[in-house]
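Welcome! Please take a moment to look over the sequence and the 3D view before reading on.

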Amino acid sequence: MSMHRRVVPGATLAVMGLLTACMQNPPAGPASTTRLYAIDEAGAAKQCKVGPVALAAGKPTAATMTVGNDGGWCAISVAAEGHPYAAGLLTVDAVHGKVYVHQVGDATRIDYTPDRGFVGPDSFTVTLLPGRPVLRVAVTVTR
């Protein structure tokens, strides 16, 4: 069986143009070098507020998150010198929600989605590699 591949002139450029159009402009300023794509924001909670996060290798950092329980996620984005961490280990799981650690563009994103119908406090802890910074997140889930 032979396979035929048809090359359409300009198709590669058209696809690249579509992908470029999906890319959001990062916020202005020297510290913001993270690429963000519109598809990466699909499914976000309407109410999501995260306090500032400054990680230090081998040290615990406390963070706060307030999220509305509308079925969406709330995220904390962190990076190691402008690059995503190699891994994120969920060392203390959330009791009333799901935590998902993954790479988005140039950052590691930690998403929290509250359990359906839950309102109240929750928490979780993530250890990132390399460097082993520990992020302890106190979550407040609202209606």
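Here is a short tour of a sheet and some ring contacts.

This is a predicted model, in which local features need pLDDT of at least 70, side-chain atom pairs count only at pLDDT 80 or more, and totals for chains, interfaces and linings use all residues. Residues are numbered from 1 along each chain as its sequence is written, and side-chain values use heavy atoms, with hydrogens and water left out.

Let's start with the sheet. Three strands make an open sheet in the order 5-8-7, with antiparallel pairing. Strands are DSSP runs (E, at least two residues) numbered from the N terminus, and two of them pair if DSSP finds at least two bridges between them. Strand 5 and strand 7 are the edge strands, each pairing on one side only.

| Strand | Residues |
|---|---|
| Strand 5 | 74-78 |
| Strand 7 | 97-104 |
| Strand 8 | 107-114 |

Five bridges join strand 5 to strand 8 in the antiparallel sense. Within strand 8, arginine 109 is the bridge partner of serine 77. The charged end of arginine 109 also sits over the ring of tryptophan 73, 4.0 Å from its centre (for Arg, CZ must be within 6 Å of the ring centre and within 35 degrees of the ring normal).

How many aromatic pairs does a search of the whole structure find? The search finds one: tyrosine 112 and phenylalanine 124 are stacked, 5.8 Å centre to centre with 5° between the planes. Ring centres must lie within 6.5 Å to pair, and planes under 30 degrees apart count as stacked. Tyrosine 112 lies in strand 8 and phenylalanine 124 in strand 9, so the pair ties together parts twelve residues apart in sequence. Both tyrosine 112 and phenylalanine 124 are buried (under 20% relative accessible area, with a 1.4 Å probe and protein chains only).

Note on methods
Helix = DSSP H or I, 4+ residues; strand = E, 2+ residues; numbered from the N terminus. Phe/Tyr/Trp six-rings, centres within 6.5 Å; stacked < 30°, edge-to-face > 60°. Buried < 20%, exposed > 50% of the residue type's maximum accessible area, 1.4 Å probe, protein only.
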